[in-house]
Amino acid sequence: MLRFLCGITTFDLFMVIESWLNECTESRYRGRVFSIYMTLTYLGIGIGQQLLNVGDVQGQTLFIIAGIIFTLCLVPVSATGGVHPSLPETKPYHFLSIFRRAPLGMLGCMVAGLTNSAFYAMIPVVCTDIGLSLRQLS
């Protein structure tokens, strides 16, 4: 259940960031901005794994460090006087109606989410079972 909630909050985080970038970037620069955004996202994910080597994985230190880094990401956004995206008109929607319109798209997203989740959840378990050290795992 916690993994599901984590996935929902991560989805919301990406949705807000990407909507903001889409709204605030001119169309001629949008590809560049999104390529930099995705590059930094994947670099952050990859480099973030190295935090496992900084502290004790059984303690609270790594969670505190991750929280501080996450909070520091808010500084550039809150320090800018940029334009806030305008909110579009909202309409209620139901997942069943979305599924009826694009069943393959919705199934593809669900399968991709389950596959990625399983990969990121189970690879550390497999690496630990085959005897890799924490440094090798990270």
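In this predicted model, Tyr 120 counts as exposed, with a relative accessibility of 53%. That value lies over the 50% cut-off for exposure. Phe 119 is partly exposed, at 45% relative accessibility. The rings of Phe 119 and Tyr 120 form an aromatic pair. Their centres are 5.2 Å apart and their planes stand at 80°. The pair is therefore edge-to-face, since planes over 60 degrees apart fall in that class.

The structure holds two aromatic pairs. Phe 34 and Tyr 37 make up one of them. Here the distance is 6.1 Å centre to centre, with 90° between the planes. This pair is also edge-to-face. Both residues belong to helix α2. Because Phe 34 and Tyr 37 are three residues apart in α2, about one helical turn separates them. Tyr 37 is buried, with a relative accessible area of 12%.

Phe 34 and Tyr 37 also take part in a helix contact. Helix α1 spans residues 2-24 and helix α2 spans residues 30-48. Their axes come within 10 Å and cross at roughly 155°. The two helices are therefore roughly antiparallel, as the angle is over 145 degrees. The crossing of α1 past α2 is right-handed. On the α1 side, the contact is made by Phe 14, Ile 17, Glu 18, Leu 21 and Asn 22. On the α2 side, Arg 30, Val 33, Phe 34, Tyr 37, Met 38 and Thr 41 contribute. Of the residues in this contact, seven are nonpolar, two polar and two charged.

Definitions and conventions:
Residues numbered from 1 in each chain as written. Predicted model: local features only at pLDDT ≥ 70, side-chain atom pairs only at ≥ 80, totals over all residues. Heavy atoms only, no water. Axes fitted to C-alpha atoms, helices over the stretch in contact; angles between N-to-C directions. Helix = DSSP H or I, 4+ residues; strand = E, 2+ residues; numbered from the N terminus. Parallel < 35°, antiparallel > 145°, perpendicular 65-115°, else oblique. Left-handed = near helix turned anticlockwise from the far one by under 90°. Contact = heavy atoms within 4.5 Å. Nonpolar A, V, L, I, M, F, W, Y, C, P; charged D, E, K, R; others polar. Phe/Tyr/Trp six-rings, centres within 6.5 Å; stacked < 30°, edge-to-face > 60°. Buried < 20%, exposed > 50% of the residue type's maximum accessible area, 1.4 Å probe, protein only.
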